[in-house]
There are 2 protein chains.
Amino acid sequence: MNPLATTPRTRLHRKPVRGSYDRALAYRILDEALVAHVGFAVDQQPFVIPMFFARQGDTLLLHGAAASRLLASGARGLPLCVTVTLLDGLVLARSHFHHSVNYRSVVLMGTAHEIEDRDGKFAASAAFVDHVVPGRSREARPPTDKELAATRMLAMPIDEGSVKVREGGPIDDEEDFMVPCWSGHIPVGLVTSAPIPDPRTREPMPSAISEMAGRPRD
Amino acid sequence: MNPLATTPRTRLHRKPVRGSYDRALAYRILDEALVAHVGFAVDQQPFVIPMFFARQGDTLLLHGAAASRLLASGARGLPLCVTVTLLDGLVLARSHFHHSVNYRSVVLMGTAHEIEDRDGKFAASAAFVDHVVPGRSREARPPTDKELAATRMLAMPIDEGSVKVREGGPIDDEEDFMVPCWSGHIPVGLVTSAPIPDPRTREPMPSAISEMAGRPRD
């Protein structure tokens, strides 16, 4: 059976990239991802820095060395753009033009304030560690006052932003179905390998960590 | 045997994050990665957009819909910052403070010009497709003039930039080796799953694609 014709009107429905303002979806993306690309501008010169991050409720947390230029800028209340992207697949169409990638991304705009109180920094430290491995903050040694002083932490309310998702296979033009070219998509994802113990570790590997090996990170 | 003492001087040698200006390393990172985070600024407001990209010799190529705000800005010669990051591992230290991630990143600064000639856009189209799967541009239908007109392509010389790499396990403080906490690192990487053919594809899956399944993408 032939498919229905592809017209400009049906094309909209098949559009593979969906934009939304879905907060729950944004949070799932943020919680799965481990790297944010944080942008700020100084005199029209943009800087985009990869950073580890964490989410604490409706707040995005960033941290780094107290001397970091980005964090000092953010602490001065400069506008930030924080973008988080998960790559989900390679889309191989019958034409160059319709090649694509599948992804989920969140773009957040806002300004951050510095977390300066000890309790706030202490809680943020746990959030960062638990973003690497949930529950890990209770096993590792919490930060000393000296370590907290050496770390600048920023909090940005998660308020203004958007989500984009592309999923599924290629959307070829009807006339290209005759092109003798394999077409489809290839899922990709971040997978964890076997953990490598530190040479001086004497503790058994926690099951939360050993169970991560070979599994998708999500 | 006890390790040598950690002093401020030896600490520099053990510093897990290495910065460099190694062009060959930058190119390996760019060629392995599939997503760039492209930053530009409009009146101090930064924008960071995830984009597919390709490398053509010493030039970084970006593309998108002719109407794209980012690409229009880039074509006007605004300064761009293009950052590409590969996540390589989770680093679980004995202290919160020394938790980290392993990664390789490239930060490129520059301005782009629009590729306007047909031959240049044609060659760039092939570079984008071959960045998804090497050699794929020869199998899929090349772009029509109409498709080329609908696509804005930017070229940015790869000139000013830097590379950062963090690798290996945690660097714990000497006094934390007594903390009863498993310590080590967990490699992570992008892995491809079995390709999913388009329902209407009639061609056999090329070996270049079937061989990607279950393998690290690099």
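# A tour of two chains

Select Gly89(A) to begin: standing opposite this residue is Asn102(A), in strand 7 of chain A. Strands (E, at least two residues) and helices (H or I, at least four) are DSSP runs, numbered from the N terminus.

Some reading notes before moving on. Residues are numbered from 1 along each chain as its sequence is written, while chains are lettered from A and ligands numbered from 1 in the order in which they are written. This is a predicted model, in which local features need pLDDT of at least 70 and side-chain atom pairs count only at pLDDT 80 or more, whereas totals for chains, interfaces and linings use all residues.

**Stop 1: strand 7 of chain A**

Select residues 100-111 of chain A, which form strand 7. Is this strand mostly covered or mostly uncovered? Nine of its twelve residues are buried (20 or more other C-beta atoms, placed from the backbone, within 10 Å of the residue's own; exposed is 12 or fewer, and partly exposed is in between). Two strands pair if DSSP finds at least two bridges between them. In this pairing, Leu108(A) of chain A stands opposite Gly161(A) in strand 10.

**Stop 2: loops**

Select Asp43(A), in the loop between strand 2 (36-42) and strand 3 (45-51) of chain A. This residue has a positive phi of about 55 degrees although it is not a glycine. Asp43(A) counts as exposed because it has 7 C-beta neighbours inside 10 Å.

In chain B, select Gln44(B), which lies in the loop between strand 2 and strand 3 of that chain. Its phi is positive too, about 70 degrees, and Gln44(B) is not a glycine. With 12 other C-beta atoms within 10 Å, Gln44(B) is exposed.

Back in chain A, find Asp173(A) in the loop between strand 10 and strand 11. Asp173(A) has 17 other C-beta atoms within 10 Å, so it is partly exposed. Pro195(A) is 22 residues from Asp173(A) in sequence and 45 Å from it in space, C-alpha to C-alpha.

**Stop 3: where the chains meet**

Show both chains. In all, 76 residues of chain B are in contact with 77 residues of chain A (contact: C-beta atoms, placed from the backbone, within 7 Å). Among the elements of chain B that each supply at least two residues of this side are strand 6 (79-92), helix 4 (118-132) and strand 11 (184-192). Strand 11 of chain B gives the largest share, nine residues. By class, the side has 46 nonpolar, 20 polar and ten charged residues. Here Ala, Val, Leu, Ile, Met, Phe, Trp, Tyr, Cys and Pro count as nonpolar, Asp, Glu, Lys and Arg as charged, and the others, Gly among them, as polar.

Strand 11 (residues 184-192) of chain A pairs with strand 12 of chain B, antiparallel, over two bridges. Select His185(A): its bridge partner in strand 12 of chain B is Ile196(B).

**Stop 4: confidence**

Colour by pLDDT, the predictor's confidence in each residue, from 0 to 100. Chain A averages 88, with 91% of the residues scoring at least 70. Over residues 1-14 of chain A the pLDDT is below 50, and this stretch has four contacts in the model beyond near neighbours in sequence. Where pLDDT is low, the predicted coordinates should not be read in detail. The model scores ipTM 0.90 and pTM 0.91.

Methods. Two residues are in contact if their C-beta atoms, placed from the backbone, lie within 7 Å.
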